[in-house]
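The following paragraphs lead through selected features of the model shown here.

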Amino acid sequence: MDVVILPTPADVGTFAAQLIGRRVAASPGTVLGVATGSSPLGIYRELARLRAREAISLDGLRCFALDEYVGLPPDHPGSYAAFVAREITGPLGLAPANVRVPDGSAGDIARACIDYEEDLAAAGGIGLQILGIGTNGHIGFNEPTSSLSSRTRVKALSEQTRKDNSRFFPSGDTVPTHCITQGLGTIMDAAEIVLVAQGERKAAAVAAAIEGPVASMCPASVLQFHRRVTVVLDEASAGR
Ligand code: GLP
């Protein structure tokens, strides 16, 4: 695991985007795993800027989003499908057909999880996975106690996560209670992983993930077993 500590949150996005740009340039068919939330926004904005300057080409790039709320239609502004359309597909000029988000509004959610894993396998797996980290150490929506070898499945969201994400919803009681998320085993199948974090509120989770014991109580700690992970932090999130 490489740990890169940079002065500011903006530096995190720039550094990670440049790393991703180099990987995509080296293998244009790369499948990019994309995370939602505020942490990777700087990456997407920098990738869009590099593309606008023609410093990178994202032609033909395929993306798989990590997770989605259960029960929200794709056009709900709080859904991850809407986030991905707004922050990734549009700004990076990707074909919507090349961007796959788990179907949280499917009638048969268990089937939707299997379909997602099958589509991922058919695409050849994730070449490079972008991750954020929750204040409780979750990656994707793999909450504490998640099996370290889990696959894409339905999870109940913890109260902490629902509280953290309530800023994206009109009121706390409208935050969904369940999600579909890639499992920790699914995430670990990615050829390469880049995890980004910013801010003091992530410092405890970051320390537990990097230096704590590998344990399901801190799901991100499983990344200690991955052969090719870069963790990009600002000084505040690296403070512990
Ligand atoms: C969210 C997402 C994760 C994200 C994390 C941190 O709930 N499911 O993919 O990395 O929690 O979110 P943020 O970056 O907004 O702090």
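Isoleucine 133, apart from its neighbours within four places in sequence, is in contact with Ile139, Leu195, Ala197, Lys202, Ala205, Val206, Ala209 and Ala220; contact requires C-beta atoms, placed from the backbone, within 7 Å. The model is predicted: local features need pLDDT of at least 70, side-chain atom pairs count only at pLDDT 80 or more, and totals for chains, interfaces and linings use all residues. Residues are numbered from 1 along each chain as its sequence is written.

Ile133 also belongs to the largest nonpolar core, of 66 residues, where Cys63, Val84, Ile133, Val194, Leu195 and Ala209 touch the most other members. Such a core is a set of buried Ala, Val, Leu, Ile, Met, Phe, Trp, Tyr and Cys residues joined through C-beta atoms within 7 Å. A residue is buried with 20 or more other C-beta atoms within 10 Å of its own, exposed with 12 or fewer, and partly exposed in between.

The axes of H1 (residues 9–26) and H2 (residues 41–52) come within 8 Å and cross at roughly 55°; axes are lines fitted to C-alpha atoms over the stretch in contact, with angles from 0 to 180 degrees between N-to-C directions.

Two residues other than glycine have a positive phi: glutamate 54, at about 60°, and threonine 145, near 85°. Glutamate 54 lies in the loop between H2 and strand S3 (62–65) and counts as exposed because it has 7 C-beta neighbours inside 10 Å. Threonine 145 lies in the loop between strands S6 (128–131) and S7 (153–156).

Methods: Two residues are in contact if their C-beta atoms, placed from the backbone, lie within 7 Å. Helices (H or I, at least four residues) and strands (E, at least two) are DSSP runs, numbered from the N terminus.
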